Amino acid sequence: MSAATRSLSRKRPSGRKALLATAMLLVAVASAFPLAWMVLTSLKTPAETMQVPPVWLPHTPTLEAFGKVADVINVGRSMWNSLVIATVTTAGILVTSMMAGYAFAKYSFPGRSLLFSLLIATMFLPPIVTLIPLYRMVGSMGLSASLAGIIVPNLANAFGIFLMRQFIAGVPDDLIDAARMDGASELLILFKIVAPSVAPAIAALALFAFVYHWNSYLWPLTVLQGNADAYPIVISLSRLLSYNRGAVNTGLVMAGATLAVLPPLVLFVFLQRFFVDSIVGSAIKG
Amino acid sequence: MAKAFRASAGILLAPAVTLIGVFVVVPMLLTIWLSFQDWSTQTPFSDASFTGLGNFREIFGPTSVGRDFKTALLNTAIYTALSVVLILPLSVVFGLMVYQREVAGGTALRTVLFSTYMVPMIAVALVWSKLYAPSEGPLNQLLGLIGIGPQPWLSSPRSALVSIVFLNVWQQVGYFTVLAIAGLTQIPGSLYEAATLDGANGREQFRFISLPLLRRTLLFSAVIAIINAVQVFEPVALITQGGPVGSTNVLTYHIRRVGIERAQGGLGSAMAVMLMLSLIVSVSALFAFVNRKDSE
């Protein structure tokens, strides 16, 4: 690294630029290091993971650790559960957010701003504040220890409504009025006319919701009460840490973590434009 | 026509309002109600019996219930303050690195920083528990290279909470960097041009243009960072279980342990109400502080 920095400063007389480039490189390396180390360690042999000083690169990369993960937890089942939870929850959030966002953006009705403020206020409520009664309520609805119990309480959220309202407000009224003249129903207008004009925002919300609910831990852990058949991958992972405690389990843990990280990270890499645009959009417009 | 519109507004709002009402607003009100009740989480709500301020007296009292809660409240305050104090300046510095046009690679840096925000906290906790491993862990090895002795990280009551702050900052800073970039792009370029003409150097421009105009962004970031920080759960639940000697016992973990695992629903709810009140007080104080600065 120091060689690279030196050649950079030789090319550019300004030491300021070299300093800035070095700082940026250091930040990027520090930021990327934990995940890079996770993937590399998942490919090491058990002996390599225990070596002091550590082996940074595996000499003979092996998928052995991933095989062992599959012995300890039901990887296929857990990944499937995570996929069902994230997909169904996301679909619900999209529909409820678009409907409510459309109403808040394009309708005037008494109490509109009060209702909107109340909904937005729930965005700032940490989930732990509602956890205890919610756990009891979902239990008495007969939904505990099931995927439905994880999904149903999360089918609508204030962030989605907020985001949709911000973007739907920018859709020209003329477009909507013209469709009304043609006698189109409001739901038809929403899904056939409004939705396509805010497609990037919908994509952003879909990705946010998917990643958030793929990663979510506290609520599934609480509602599932140890029903391992319904565990999403993030909860199954915790078993890896207790497996073989004290002995060699580092490679195993890293392989499991790699599996759980891959779906959200792959989505992000392909669709980061939408993520970033919508954060910027919601911060500016908010 | 107007009446028909009102009816369809009702239909459009019904699903979201019903769901948020039933699964967020009702439980929140129940939490407040339960905080004044003696209630076991394993029994129906109708079995609750009114105890007035009994739960609050107990969680602030001299018994072990009170000691544990007060420790958790203090730990959460320290954890939150440290997270905010580290995340905000870093997000501005990293935001400037991405935003500047002197050196290429800003967008790539943004991608790397933001990618950590996509990683499930449970995986972050697992990876960092191994990074922090005392002998074979890479962090102590790297410190050794620059002549610093091995640190106890998660295994000492003095450093465990701070170690969790570090992994939180690592995961979240990219998100706040993007917010800072959004704030920076809002500042009109003409201001900098005028300042350059007046002979202001980069540091002066940052001090007198960027920083004051970022105040709103930073306020928003601080609020989000606080709300996120009080939710810390996975690293504590998975790795430290609140230890060593209670040093990482934070509120989300403690409330769940009391209210769900020990089924002391009334006590847990009183703790949740105190968390809610603390949040309202600190966020209001933050707003008051920034508004006072604004009017100066």
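**Notebook: chains A and B**

I began with the interface: 72 residues of chain A are in contact with 72 residues of chain B. I keep in mind that this is a predicted model. Which element gives the largest share of chain A's side? I found helix H15 of chain A (residues 250–285), with 15 residues. Then I sorted chain A's side by residue type and got 58 nonpolar, 11 polar and 3 charged.

Next I looked at chain B by itself. I counted 13 helices and 2 strands in chain B. Its C-alpha atoms fill a box of roughly 75 × 75 × 35 Å along the principal axes. Chain B has 296 residues, and 45% of them count as buried. I also checked contacts in chain B with a separation of 6 or more: 67% of these join residues 24 or more positions apart.

Back to chain A, for one helix pair. Helix H5 (residues 75–106) of chain A packs on helix H12 (residues 199–215) of chain A at about 140 degrees, and their axes are 8 Å apart. Why do I call H5(A) oblique to H12(A)? Because roughly antiparallel would need an angle over 145 degrees, the pair at about 140 degrees goes down as oblique. I noted the crossing of H5(A) and H12(A) as right-handed.

Who meets whom here? On the H5(A) side I listed Ser82(A), Ile85(A), Ala86(A), Thr89(A), Thr90(A), Ile93(A), Leu94(A) and Ser97(A). Facing them in H12(A) are Ile202(A), Leu205(A), Ala206(A), Ala209(A), Phe210(A), His213(A) and Trp214(A). By type, the residues of this contact come to 10 nonpolar, 5 polar and no charged.

Note on methods
Residues numbered from 1 in each chain as written. Chains lettered and ligands numbered in written order. Predicted model: local features only at pLDDT ≥ 70, side-chain atom pairs only at ≥ 80, totals over all residues. Contact = placed C-beta atoms within 7 Å. Helix = DSSP H or I, 4+ residues; strand = E, 2+ residues; numbered from the N terminus. Nonpolar A, V, L, I, M, F, W, Y, C, P; charged D, E, K, R; others polar. Buried ≥ 20, exposed ≤ 12 C-beta atoms within 10 Å, placed from the backbone. Axes fitted to C-alpha atoms, helices over the stretch in contact; angles between N-to-C directions. Parallel < 35°, antiparallel > 145°, perpendicular 65-115°, else oblique. Left-handed = near helix turned anticlockwise from the far one by under 90°.
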